Amino acid sequence: MKKTDHSIRNSVVATLIATLIIAIVKPMRNMAIVVFKWLWQIILAFKAHLGSTASVPWWLVYAVLAIIILLLSRAIRQALQSLATDVAKASPLSYTTDHFHGLVWRWRMDSDFQPYRISTFCPHCDMQLRPCSSGYGYSTQFHCDKCGFSSSNIEMETGQLEEWISREIQRKLRTNEWKQELPNQ
Ligand SMILES: [Zn+2]
């Protein structure tokens, strides 16, 4: 008896759900047809509009509009790029080159603003320079294998000099001098 009650209830529920689905699906289908027809009307109207003329042909108006949008998007992109460059330059992490002892020095900066991989370049041809300790080992001179440039004698051993450069970089960071004359990379 109870089982029969259940089956009756189940069939009623199933019928209700089916009715509900039909009730939802049919208007949705009708609505989709209406929307599609409406979109098609818009496409046709736009096509007719493109063929029509104002005082100038519409294609010219749209061509000019497309060019303006293109130029505008390019200008915005460039502005954003230069903004990003300015932001990067404002960070001490971007201070990775300078002139000391008449030579070009480049290095990498770690996240604690500690310079590392310090190297020296020719002020004339930008070739990486070769350090030569003097016979006594107190001083260092740099030679360019490309253009023959020789630096003056610097009264420090190579290791001492590199350590001095590192301290000088950190001094310029503390005093903000690095911002004043940031040479081209
Ligand atoms: Zn050189």
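Tutor: The expected span of a helix is 1.5 Å times one less than its number of residues. Helix H2 (residues 58–89) can be checked in this way, with the reminder that the model is predicted: its 32 residues should span 46 Å, and because its end C-alpha atoms are 46 Å apart, the two values agree. A residue counts as buried if 20 or more other C-beta atoms lie within 10 Å of its own, and of the 32 residues of H2 the number buried is 0, so the helix lies largely in the open.

An unreviewed UniProt entry lists residues 6–25 and 56–73 under "transmembrane region". Over residues 56–73 the chain is 89% helix and 0% strand, with end C-alpha atoms 25 Å apart, while residues 6–25 are 100% helix and 0% strand, and there the end C-alpha atoms lie 28 Å apart. The domain assignment divides the chain into domain 1 (1–52), domain 2 (56–90) and domain 3 (95–180), and the centres of domain 2 and domain 3, taken over C-alpha atoms, are separated by 42 Å.

We can now turn to the sheet. Three strands form an open sheet in the order E1-E2-E3, with antiparallel pairing. Strand E1 (97–100) and strand E3 (115–121) stand at the edges and have a single partner strand each, so one side of each is left without a neighbour in the sheet. From one strand to the next, the twist averages 30°.

The pairing can be followed strand by strand. E1 and E2 run antiparallel and are joined by 4 bridges, with Thr97 standing opposite Arg106 in E2. These two strands form a hairpin with 2 residues between them, and His101 in the turn has a positive phi of about 50°. Strand E2 (residues 103–109) is also joined to E3, by 5 bridges and again in antiparallel fashion, and in this pairing Val104 stands opposite Phe121 in E3. Helix H3 (residues 158–175) packs on the sheet, where it touches E1, E2 and E3, and the direction of H3 makes about 110° with that of E3.

How values were computed:
Residues are numbered from 1 along each chain as its sequence is written. This is a predicted model: local features need pLDDT of at least 70, side-chain atom pairs count only at pLDDT 80 or more; totals for chains, interfaces and linings use all residues. Two strands pair if DSSP finds at least two bridges between them. Axes are lines fitted to C-alpha atoms, for helices over the stretch in contact, and angles run from 0 to 180 degrees between N-to-C directions. Two residues are in contact if their C-beta atoms, placed from the backbone, lie within 7 Å. Domain bounds come from an automatic or database domain assignment. UniProt positions are given in the numbering used here, feature names are shortened, and annotations may be inferred rather than shown by experiment. A residue is buried if 20 or more other C-beta atoms lie within 10 Å of its own, exposed if 12 or fewer, and partly exposed in between; C-beta atoms are placed from the backbone.
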